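Let's take a friendly walk through a protein model together. Have a look at the picture first, and then we will go step by step.

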Amino acid sequence: MISHPRLRVYLLKGARTSLVWCRDSENTWRTELQEGRAPEVLKDVVVPLENAVSPPVRTARVYDPWKKAWTDAAIEAGGVRLPPFSRSVVLRLDAQ
């Protein structure tokens with residue numbers, strides 16, 4: 001698990017490929033179904049990767065299961081910037 005102020009971030013670390021599930025911690029079935037709150041669109045979210053994966057990340061791709069679509073993610077110093085999303089996304093990291 002990777003610490004993040006807004007997300008629950010779970011890491012499955014492989015030798016050359018890692019998968020990261022990023023879930024909005026403020027969105028649950030209760031908030032949507034019982035309280036009737038629509039999921040918020042999260043923007044400019046950076047998932048910190050320092051000391052989490054090795055060797056250095058070469059490519060980062062994001063799968064949005066709610067849209068059934070892949071997009072590229074920006075690799076920054078110490079992390080990966082996710083594209084705008086709601087609920088959850090899966091991040092695929094491939095090493096050099």
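How many bridges join S1 to strand S2, and how do the two strands run? Seven bridges link S1 with S2, which covers residues 17–24, and the two strands run antiparallel. Keep in mind as you look that this is a predicted model. To see one of these links up close, find Arg8: its bridge partner in S2 is Arg23.

Now step back to the sheet. In general, the strands of a sheet pair through backbone hydrogen bonds, and they can do this in a parallel or an antiparallel way. Here, five strands form an open sheet, and their order is S1-S2-S8-S4-S5, with antiparallel pairing. At the edges you will find S1 and strand S5 (69–72), each of which pairs on one side only. From one strand to the next, the twist averages 20 degrees.

Next, let's visit a residue in the segment before strand S1 (7–13): His4. Is His4 buried or exposed? Its relative accessibility is 18%, and buried means under 20%, so His4 counts as buried.

What surrounds His4? Leaving out residues up to four places away in sequence, His4 touches Val9, Val45, Val46 and Pro48. The side chain of His4 also has polar atoms to follow to the backbone. The backbone nitrogen of Leu7 lies 3.2 Å from a polar atom of this His4 side chain. With Val46, the backbone oxygen is 3.1 Å from a polar atom of the His4 side chain.

Terms used. Residues numbered from 1 in each chain as written. Predicted model: local features only at pLDDT ≥ 70, side-chain atom pairs only at ≥ 80, totals over all residues. Heavy atoms only, no water. Helix = DSSP H or I, 4+ residues; strand = E, 2+ residues; numbered from the N terminus. Buried < 20%, exposed > 50% of the residue type's maximum accessible area, 1.4 Å probe, protein only. Polar contact = N/O pair within 3.5 Å; in protein donor to acceptor, adjacent residues only side chain to side chain. Contact = heavy atoms within 4.5 Å. Pairing = 2+ DSSP bridges. Axes fitted to C-alpha atoms, helices over the stretch in contact; angles between N-to-C directions.
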